[in-house]
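Open the model in your viewer and keep the selection panel handy. We will go from one stop to the next, with a note on what to select each time.

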Amino acid sequence: MRVLITGASGFLAEHLSSHLQMIDGIEVRGLRRAECDLSKDREELRAVLRSARPAVIFHLAGRISGSEAELDRDNRLATVNLLDAVREECSAAKIVLGSTVAVYGDGGTAAAPIDESLTPGPRGFYGASKYAAERAALRHAEAGGWVITARMSNPIGSNMDASLLCGTLAKQIVEIEGGKAPIITLRDLAPKRDFISANDCARALWRLAERGECGATYNVACGTSISIAEIVEIYLRLARVRPVGVR
């Protein structure tokens, strides 16, 4: 089986690729932005699909920060272009759209967790752009294509970008171990988040491709929350320099 992963230079795509390569009979093809910008390189995208002939596409390409226009381009428009190309070149391919629990907006408690039945209320340009991509995917399903949406909550693992919480924590600790002043600078430590291992997330994405229901949306999460302060403490216990202050 041939599998295509967009956003192949991202840390989650690396974990997914590693997981798939351990499964017999799967041939993985990664697609990086340097090779094909999904927001504009339409002919190149079609050529990739004709060459790869994927049975499954994991669409993990996207942007987590930037201006409203940048987020719309790299999340919504890139998804629309991919769906259009799939309909023309490999209409039978299954698509797993990587989305985010940020589309829900605020909310979620132990007593009233957020499930897939909650109507999204995205706050901010990022959540709005990902929800717009989801709606494009739903139209693809309504037109006869096979697609499901995976709303992921804070995957963490090796090679995370420093723009993400655990990535910047690791980066700052490594810099301190290399001789910088032992102070970590962060924002609010009080919020709680549902973190999930990138390896577990990768396994869940493949399970969705195997068993998911076309047109459905699935939360991919651990199911429990932990405060940012607790995450910081875990990282500081692993640091080779002590003490480390937190500002």
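A contact here means heavy atoms within 4.5 Å. This is a predicted model, where local features need pLDDT of at least 70 and side-chain atom pairs count only at pLDDT 80 or more, while totals for chains, interfaces and linings use all residues. Residues are numbered from 1 along each chain as its sequence is written, and side-chain values use heavy atoms, with hydrogens and water left out.

**Stop 1: leucine 236.** Select leucine 236, which lies in helix H7; helices (H or I, at least four residues) and strands (E, at least two) are DSSP runs, numbered from the N terminus. Leaving aside residues up to four places away in sequence, leucine 236 touches Ile173, Ile184, Arg242, Val244 and Val246. Leucine 236 counts as buried because its relative accessible area is 13%; buried means under 20%, exposed over 50% and partly exposed in between, with a 1.4 Å probe and protein chains only.

**Stop 2: H5 against H7.** Now show both helices. Their axes come within 11 Å and cross at roughly 35°; axes are lines fitted to C-alpha atoms, for helices over the stretch in contact, and angles run from 0 to 180 degrees between N-to-C directions. On the H5 side, the contact is made by Leu165, Cys166, Leu169, Ala170 and Ile173, and on the H7 side by Ile228, Ile231, Val232, Tyr235 and Leu236.

**Stop 3: the largest nonpolar core.** A nonpolar core is a set of buried Ala, Val, Leu, Ile, Met, Phe, Trp, Tyr and Cys residues joined through side-chain atoms within 4.5 Å. The largest one has 38 residues, and Val3, Leu20, Phe58 and Ile184 touch the most other members. Among the elements that each supply at least two residues of this core are strand S1 (2-6), helix H1 (11-21) and helix H7 (228-238). H6 gives the most, with seven residues.

**Stop 4: the aromatic pair.** Which two residues form the tilted aromatic pair? Select phenylalanine 58 and tryptophan 206: their centres are 6.4 Å apart, with 45° between the planes. Rings of Phe, Tyr and Trp (its six-membered ring) pair if their centres lie within 6.5 Å; planes under 30 degrees apart count as stacked, over 60 as edge-to-face and the rest as tilted. Phenylalanine 58 is in strand S3 and tryptophan 206 in helix H6, 148 residues apart.
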